[in-house]
Amino acid sequence: MESPKRVEHQLTDKGYVPVYTTSVVEQPWDTYTDTDHQVWAQLFERQKAVLPGRASDEFLSALAAMEMTPDRIPRFDDLNPILRAATDWELVGVEGLLPELTFFDHLANRRFPVTWWIRKPDQMDYLSEPDLFHDLFGHVPLLMNPVFADYMEAYGRGGVKAHGIGEDALVNLTRLYWYTVEFGLIRQRDGLRIYGSGIVSSKGESIHCLESDAPNRIGFDLERIMRTRYRIDTYQKTYFVIDSFEQLMDATGPDFAPIYERLAQLESVPAGDVLDGDHVYNRGTGEGWLNDGDV
Ligand code: PHE
Ligand code: FE
């Protein structure tokens, strides 16, 4: 297979100038195999069946508006005009996880990095790094939502700032990302729903996060979340529930610098703990939890 072309520089009237801060790649669409397209189709159909009644209305309507279909892996170039028209976001192809600052810089400029390659058929239920299905199906639809789109940009800017403050600030901010963007739940008038991309791209967790008695489901609280450790190798022990994307936007509007300073004095909270003052929707039974391994 030919390696994808890197587009780090672009010819302009000033000569070749760097376009992005790192390794953006063109989606090598022609290199996808039939198996790749089938993996996409199966994952897509499976989530289309699981998500109605479980994913938030915002996610489902955004997914429909994006015009992704199961029959073949979407082309980023086809999705981008739709996304740009809706919220002025765009997708850029990448090889995989990016250095933190590079990732923040993309978000701050309303570019969402999408891993171009898709998992293998024996990884349908789990893989340890983000692939095309997680990034594209999981993250991209909500970028069509104007409020969530602004949140993601603000997060990117906040990330650049936290990076300049230090490692502890980044840990706090990463927990916020984890418990909102990746594993967030939202309260709809008819019950709890999923908006987190790590959940919507996983059949097992889509069911577990809402229907299992094992995990805690707790109301969103910014500083509480920023103190809370998380799982990267099992379902979450705790999910945090927002009331609306507006709530998320408002709560994260203030300057985090003094919050980081305050939190530096406090212990982190184990992933499964329930604290006094938590708004508890469900106190988890803890069934199946591993004792160690919180990150
Ligand atoms: N208000 C945050 C700060 O000052 C930025 C931010 C916004 C971070 C939204 C995350 C999400 O750092
Ligand atoms: Fe993700």
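**Entry 1. Arginine 54**

Arginine 54 sits in the loop between H1 and H2. Helices (H or I, at least four residues) and strands (E, at least two) are DSSP runs, numbered from the N terminus. I recorded arginine 54 as buried because 20 other C-beta atoms lie within 10 Å. The cut-offs are 20 or more other C-beta atoms within 10 Å of a residue's own for buried, 12 or fewer for exposed, and partly exposed in between, with C-beta atoms placed from the backbone. The C-alpha atoms of arginine 54 and leucine 192 are 7.7 Å apart, although 138 residues separate the two along the chain.

I note the conventions here: residues are numbered from 1 along each chain as its sequence is written, and chains are lettered from A and ligands numbered from 1 in the order in which they are written. For this predicted model, local features need pLDDT of at least 70 and side-chain atom pairs count only at pLDDT 80 or more, while totals for chains, interfaces and linings use all residues.

**Entry 2. Phenylalanine 59**

I then turned to phenylalanine 59, which lies in helix H2. Phenylalanine 59 counts as buried because it has 25 C-beta neighbours inside 10 Å. Apart from neighbours within four places in sequence, phenylalanine 59 is in contact with Pro141, Leu142, Tyr195 and Val200. I also noted glutamate 129, 70 residues from phenylalanine 59 along the chain, with 22 Å between the two C-alpha atoms.

**Entry 3. Helix H5**

I checked helix H5 (residues 132-139) for burial; eight of its eight residues are buried, so H5 is largely enclosed by the rest of the structure. The buried residues include Phe133, His134, Asp135 and Phe137. They pack against helix H1 (34-50), S4 and helix H8 (197-200).

**Entry 4. Helices H6 and H7**

Which residues make the contact between H6 and H7? I first took down the geometry: helix H6 (residues 146-165) and helix H7 (residues 167-182) pack at an angle of about 155 degrees, with their axes 8 Å apart. Because of that angle, H6 is roughly antiparallel to H7. The contact is made by Tyr155, Gly158, Gly159, Ala162, His163 and Ile165 of H6, and by Ala169, Leu170, Leu173 and Tyr177 of H7.

The terms are as follows. Axes are lines fitted to C-alpha atoms, for helices over the stretch in contact, and angles run from 0 to 180 degrees between N-to-C directions. Angles under 35 degrees count as roughly parallel, over 145 as roughly antiparallel, 65 to 115 as roughly perpendicular and the rest as oblique. Ala, Val, Leu, Ile, Met, Phe, Trp, Tyr, Cys and Pro count as nonpolar, Asp, Glu, Lys and Arg as charged, and the others, Gly among them, as polar.

The buried residues of H6 include Phe148, Tyr151, Met152 and Tyr155. I found them packed against helix H3 (76-87), helix H4 (100-108), H7 and helix H11 (245-251). Glycine 166, which follows H6, has a positive phi near 150 degrees. In H7, the buried residues include Asn172, Arg175, Trp178 and Glu182. Their cover includes H6, H8, helix H10 (222-227), strand S8 (238-242), H11 and helix H12 (257-263).

**Entry 5. Ligand 1**

I listed the residues around ligand 1 as Tyr151, Ala154, Tyr155, Gly158, Lys161, Leu176, Thr252, Gly253, Pro254, Asp255 and Phe256; a residue is near a molecule or strand if its C-beta atom, placed from the backbone, lies within 6 Å of it. H6 supplies the largest share of this shell, five residues. The shell divides into six nonpolar, three polar and two charged residues.

**Entry 6. Positive phi outside glycine**

I looked up two loop residues. Glutamate 67 is not a glycine, yet has a positive phi of about 60 degrees. Glutamate 67 is in the loop between helix H2 (57-66) and H3, and is exposed, with 10 other C-beta atoms within 10 Å. Arginine 110 also has a positive phi, near 55 degrees. Arginine 110 lies in the loop between H4 and strand S4 (111-115) and counts as partly exposed, with 18 C-beta neighbours inside 10 Å.

Notes: Two residues are in contact if their C-beta atoms, placed from the backbone, lie within 7 Å.
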